[in-house]
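Reader: I am new to this structure. Please take me through it by question and answer.

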Amino acid sequence: MAGSRKRKHADCSDNESPVKTNPDTGNGFGVAQTLASLQRSTSESNGNNENSATPDTGADKAQNGAQRPSKKKRVDGVKTKYPVLTYVEGRLQSSIRIADLQSLLLYCFADGIAPQWISIKHSGYVRKIVVVMVPGLELGMLDGTIPLAQDETGEQMDLDKDTETMEKQEEDPKTADFARWKQGLPLEDRSHRFNPRPLTRESLPEPLQPLADMFPHAWPVKAPGDTKYNKVHSPLQAMLLTPLPKNKESNNTKGPKPVRVDKNQASQRTPITTFFSSVADLRENDYVLHPALLASEQERLTLAENRKRAGQSAEDGWVDTHVESLEAGQVPEAEIQQGSMTAGRDVLALDCEMCITEGGQSELTRISLVRWDGEVVLDELVKPQKPIIDYLTRFSGITKEKLDPVTTTLADIQQKLLTILTPRAILVGHSLNSDMNALKMTHPFIVDTTFIYPHPRGPPLKCSLKWLTQKYMGKEIQKGQTGHDSIEDARAVLELVKQKCEKGERWGTGDNSNESIFKRLGRSTRPGKHTPSTNNNNTTNNTPEGRTGAVVDWGNPERGFGAQATVAIGCVDDNDVVNGIASAVNGDDTHPSIPGGGVDFTWARLRELELHRGFCNRLPDPNNANESTAVVPAAEETTATTTATSGDAAPTAAAAATSTALPSEEKTKEERPATTPQLSDVASRTVANIQRIYDALPPCTLFMVYSGTGDPREVARLQAMHKLFREEYNSKKPWDELSVKWTDTEEQALKKACERAREGCGFMCVK
């Protein structure tokens, strides 16, 4: 059925396309015809070839200029139908997404549905697909908005755009539409902003002109993100992770869909110590830090000062558990049972109920502490110090009648906890920061289920305990009309943590609603291809051969997104990447992991342009597979600017938030590295590498290039600034003493920066 839908869509695409056909070569449309059209006059070329997405290649035309037949082409000596991409003018109402590029390749190679934004004829004849991510490549480079040359001062002009000009270019379309509507004028049609722009050598800067020889269009491609929370999401994940097929049995059920369990995945028990919350996570989520979490005495003194200023010191009723250092909680290996999930620790789930007292403060009314085995260690009602104005009965179940006879105070509970929470104790909970704040207590060993089961859309969003329990455990909690049961909630948290330890670190992190694109392609068979294989019983299996895939990237791509690829090729520079792609696509006897004839799908990344423009400040460590190294030496990181020069990589986030920009005119030519290449040189080399990749591809290969994002540096600077502001503001530092101030002006600047950072570009063709 899927195959028939593909054929039907491909056949209809020619009827929808405004591209003319050549009566001398039949009614079809092909690569050679595109070549001939490009050689006509400019007006005729625009009329006949504007919407074709098939490239101009010299190999497709005879020396005398004759066009090849449009329906058939000889590939490896055999006549075959040739895949053709056709863009239909006027269909797009928004920029295409990276996910749309992924959908196109899944349509050609797997069980994806036909895309609506482009037509592909004879999609079943696509032999290979190669996708290359090139961060640092922007549409502005193509039209001169981002000049590739240097000005008279030697600074890269693309990194010193006039602010006023940028603001005009980025004017809010909603504001402009409102102004036109108020004047009674028709709203401006902006659909052209989303249409791909035709590429010709004459329209491109010289370093980028080879792109016009490979690709007919440049496409605006929007990176994933969250407008409400000013987030730019991973462009790698958008391409290399795909949603799992929908479970038909759960389509009509309410609430969160049950998690899909991979039966082939071996259960891996992980000790709970793996899920300890880091200092960064604790700070980001407004935890009050325990002194043992900080290594140096100076850091502890600074923490004490900040806590005193914020009203979180011993004088304000706060207590720290008796843990001198992190090492004090370690358990000797001899005392740990093999395969133990608790690692010899005392694991306790904590849940508290609160009320609102005079002044609008939240105070403790009930505490429940449950051990790993489900035993209730502590469950007591607590009398707040101030008069209660709202018992929050609908949430806590606490009423005036229940609390009136209680005499236990917060200080009493603190003393009990200090005896229970030894250095080997681990506290687990859901949004445990609010419970610890109500207890006015700190502890260094925290496992928070909102961290280990992150929200699918990322922070600051958090999944509710009720939602997590329903999704991952198939249970309903908090169903009563009299509020939550803190013991029930504590036990639910324990079950979630136990499940995490049993299933492994990746359980509940979003991989359960998505799967690797390599795994999905592996379930899809190549038409007419069967691979005889011999099993343990020496019998031959004629099973269909699944699609194979490769990752070619800097560092160690066999980790992370490349873990499920057939082939993973690590590289140290872009030249290695180009050679690795050629090996993966065409096969290489020196790489035993590469199948004969090469893999079907290859994803790769060129990074030299990204590095030169300062779009990243860390790269894989060549000496350590699990680490990354800073691009800029520490001495250079202290001088951070909002926009980096051509010879500098991006500043670190912290430095960018606090440092003062150094005016470019204060830098002399003697201070600049004599060997610093221009942006035009790096862009030219990157385009040459794209050309080398194209030249190495076999016929009938779908070739895609996408940038991933636009310029992310301003987003990183503003986000670091906001983080610093939050840390200082939460420590109750006076407004006048804040290093940075965050107002609506900065918030709107971050929103605009995120929108710009999501504006990427892409190119595609069939060789």
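Author: The protein has a mean pLDDT of 78, with 70% of its residues at 70 or more; pLDDT is the predictor's confidence in each residue, from 0 to 100. This is a predicted model, where local features need pLDDT of at least 70, side-chain atom pairs count only at pLDDT 80 or more, and totals for chains, interfaces and linings use all residues. Residues are numbered from 1 along each chain as its sequence is written, and side-chain values use heavy atoms, leaving out hydrogens and water.

Reader: How many contacts does the stretch of residues 1-51 have beyond near neighbours in sequence?

Author: Residues 1-51 have pLDDT below 50. A contact means heavy atoms within 4.5 Å. Counted beyond near neighbours in sequence, the contacts of this stretch in the model number 85.

Reader: Is strand β8 mostly covered or mostly uncovered?

Author: Strands are DSSP runs (E, at least two residues), numbered from the N terminus, and β8 spans residues 217-222. Buried means under 20% relative accessible area (1.4 Å probe, protein chains only). Five of the six residues of β8 are buried, and the strand is mostly covered.

Reader: Which residue in β8 is the bridge partner of Arg-197?

Author: Two strands pair if DSSP finds at least two bridges between them. Strand β7 (residues 197-198) pairs with β8 over two bridges in the antiparallel sense. The partner of Arg-197 in β8 is Ala-218.

Reader: Which residue in β29 is the bridge partner of Trp-219?

Author: Strand β29 (residues 759-766) runs antiparallel to β8, joined by four bridges. In β29, Trp-219 has as its bridge partner Gly-762.

Note on methods
Buried means under 20% relative accessible area, exposed over 50%, partly exposed in between (1.4 Å probe, protein chains only).
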